[in-house]
Amino acid sequence: MVLNTNNKKPFNKDRSQSGNRPPHDSGPAKPGFAARAAATKILAAVIDRRTPLDGMLDAEGGNPAYKALGESDRALVRAILNSALRHLPRIDAAIASLLDSPLPEGARALHHVLVVGAAQMLYLDVPDHSAVDIAVEQANQDPRNRRFAKLVNAILRRIGREKQEILTRVANVPAMPAWFLTRLEAAYGAEAASRISDTQLEPAAIDVTVKSDAEGWAKRLNGVVLPTGGVRLAAFEGSIPSLDGFSEGEWWVQDAAASIPAKLFGSLAGRNVVDLCAAPGGKTAQLILAGGKVTALDQSANRLKRLSANLARLGLEAETIVADMAKFQPDDLFEAALLDAPCSSTGTTRRHPDVLWTKGPEDIAKLAGLQERLLRHALTLVKPGGLVVFSNCSLDPEEGEDLVARVLAETDTVERVPIKPEDWPGLEAAISPLGAFRTTPDMLPLAGGFASGLDGFFAVVLRRTR
């Protein structure tokens, strides 16, 4: 393994020479070192051990190195990880282009140090000298990487000098891992797959579902009304709870696509409805506002406590039941059921960029099997004539179209209720020829400075016939 010195320029002597730092120097940690070290540890857990990011960034039960940081350093860790995971194939390509041979097989810790440093230099507004200096310090303090400290210094300095050239060189590298991009191309075609892949390079917008008067709340919150009836916020500084109407329970945060399934029932006035897998409660709130007498079901008591707290802020009530949905047997059948099923979450990579690095084809197959079992059971929980809306936030047809087609082909007591494009102006392209909803992150282009896109979602309406 050697550095590729083609077209190499002299080092800028004004920058830190810490690549030559003696390995035994163990003085006080540099400012920002703890944040970068935490980011490196968490990145390793995501990529090498396929550990979901959300849990590690939890303020109470998260990674100890992350919890030990102050809020500003935590924000830096989140920014580094989101940038690194969104751009990982391009960062890997950039690093590889500066080496004549790959990093050693056992150099995973070194790889993560380089990725964290490169992410800051290529995609964040972090001074190059700070990213380089601390990355070299990380290498010096790790016995596995100490002998590579000069290499870390050289690679990252060159990234700093040749940033624009490198960004241009890797611009056509797909942002998604090859295994998933191949599945996208098979499902949507190469051009659409490329657009979907590019959308994950930008963070998701903040959408809110309002109880009423979307136009009025759009004006008050400096937002725009969406075709779903929700409101998309413009970029703002501060926290969500500080915004007008939050504490009064006038709205809640919910991606535009996530708000669609509950709307597919239409009016639920006076009807008994069950929200299966209900927490955290955004869809439950929608069902209540649609007039339903709602039972919210979840197998986690803690998640149901969170749901109840969310509904309390909104001034809404639902019956809650802690139960495994697959074994749930109500005394009386419902007139409608919403099953927003656990899935691979591959439609949410704009807000959860770790998903494609913690999931694989085997996870999609396993989750599709679970969803099919849950859907078949959900269809037994409604009366004849009752509706079941099945949805999830996966982009993969194995968890959506294929699964539903199989259930319909094998069940003679269920029929599809086609969704009509004319009922969804502005989202007509999201309605499939068979009448199912299929949103992809490249849909919903917006002007006026508002972020475009929405989560990838699948939703279908089924009716029990007898």
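# Packing and local geometry in a predicted model

Thr 40 is in contact with His 112, Val 113, Val 116 and Gln 138, leaving aside its neighbours within four places in sequence. The model that shows these contacts is a predicted one. Thr 40 belongs to helix 1, which covers residues 33-49. With a relative accessible area of 9%, Thr 40 is buried, because the limit for that class is under 20%.

## Helix pairs

Two packed helices are described by the angle between their axes and the distance between the axes. Two such pairs are set out here.

On the side of helix 10, the contact is made by Leu 181, Leu 184, Glu 185 and Tyr 188, which meet Ala 190, Ala 192, Ala 193, Ile 196 and Ser 197 of helix 11. The residues of this contact between helix 10 and helix 11 comprise seven nonpolar, one polar and one charged.

The other pair joins helix 17 (residues 361-378) and helix 18 (residues 401-410), which pack at an angle of about 40° with their axes 10 Å apart. Helix 17 is accordingly oblique to helix 18. The crossing of helix 17 and helix 18 is right-handed. In helix 17 the residues in contact are Ala 368, Gln 371, Glu 372, Leu 375 and Arg 376, and they meet Leu 403, Val 404, Arg 406, Val 407 and Glu 410 in helix 18. By class, this contact of helix 17 with helix 18 has five nonpolar, one polar and four charged residues.

## Aromatic pairs

A pair of aromatic rings is described by the distance of the centres and the angle of the planes. Five aromatic pairs are present in the structure. In one of them, the ring centres of Trp 179 and Phe 180 lie 5.3 Å apart and the planes stand at 65°, so the pair is edge-to-face. Phe 180, in contrast, is buried, with a relative accessible area of 1%.

Trp 424 and Phe 437 form another edge-to-face pair, because their ring centres are 5.0 Å apart and their planes stand at 90°. This pair links distant parts of the chain, 13 residues apart: Trp 424 is in the loop between strand 10 (414-416) and strand 11 (437-439), while Phe 437 is in strand 11. Both Trp 424 and Phe 437 are buried.

## Backbone features in loops

The peptide bond from Ala 279 to Pro 280 is cis, with omega near 10°. Pro 280 is placed in the loop between strand 5 (272-276) and helix 14 (282-289). Cys 277 is also found in the loop between strand 5 and helix 14. Which residues other than glycine have a positive phi, Cys 277 and Asn 222 being the cases treated here? The table gives their values.

| Residue | Phi | Relative accessibility | Class |
|---|---|---|---|
| Asn 222 | about 60° | 52% | exposed |
| Cys 277 | near 55° | 22% | partly exposed |

Asn 222 lies in the loop between helix 12 (214-220) and strand 2 (223-225). Asn 222 counts as exposed because its relative accessibility is 52%, the cut-off being over 50%.

## Two alanines

Ala 59 is located in the loop between helix 2 (53-56) and helix 3 (64-67). Not counting residues up to four places away in sequence, Ala 59 touches Lys 67 and Arg 74. The C-alpha atoms of Ala 59 and Arg 74 are separated by 9.6 Å, and the two residues are 15 residues apart along the chain.

Ala 309 has its place in helix 15 (residues 301-314). Its relative accessibility is 46%, so Ala 309 counts as partly exposed.

Definitions and conventions
Residues are numbered from 1 along each chain as its sequence is written. This is a predicted model: local features need pLDDT of at least 70, side-chain atom pairs count only at pLDDT 80 or more; totals for chains, interfaces and linings use all residues. Side-chain values use heavy atoms; hydrogens and water are left out. Contact means heavy atoms within 4.5 Å. Helices (H or I, at least four residues) and strands (E, at least two) are DSSP runs, numbered from the N terminus. Ala, Val, Leu, Ile, Met, Phe, Trp, Tyr, Cys and Pro count as nonpolar, Asp, Glu, Lys and Arg as charged, and the others, Gly among them, as polar. Rings of Phe, Tyr and Trp (its six-membered ring) pair if their centres lie within 6.5 Å; planes under 30 degrees apart count as stacked, over 60 as edge-to-face and the rest as tilted. Buried means under 20% relative accessible area, exposed over 50%, partly exposed in between (1.4 Å probe, protein chains only). Axes are lines fitted to C-alpha atoms, for helices over the stretch in contact, and angles run from 0 to 180 degrees between N-to-C directions. Angles under 35 degrees count as roughly parallel, over 145 as roughly antiparallel, 65 to 115 as roughly perpendicular and the rest as oblique. A crossing is left-handed if the near helix is turned anticlockwise from the far one by less than a right angle, and right-handed if clockwise.
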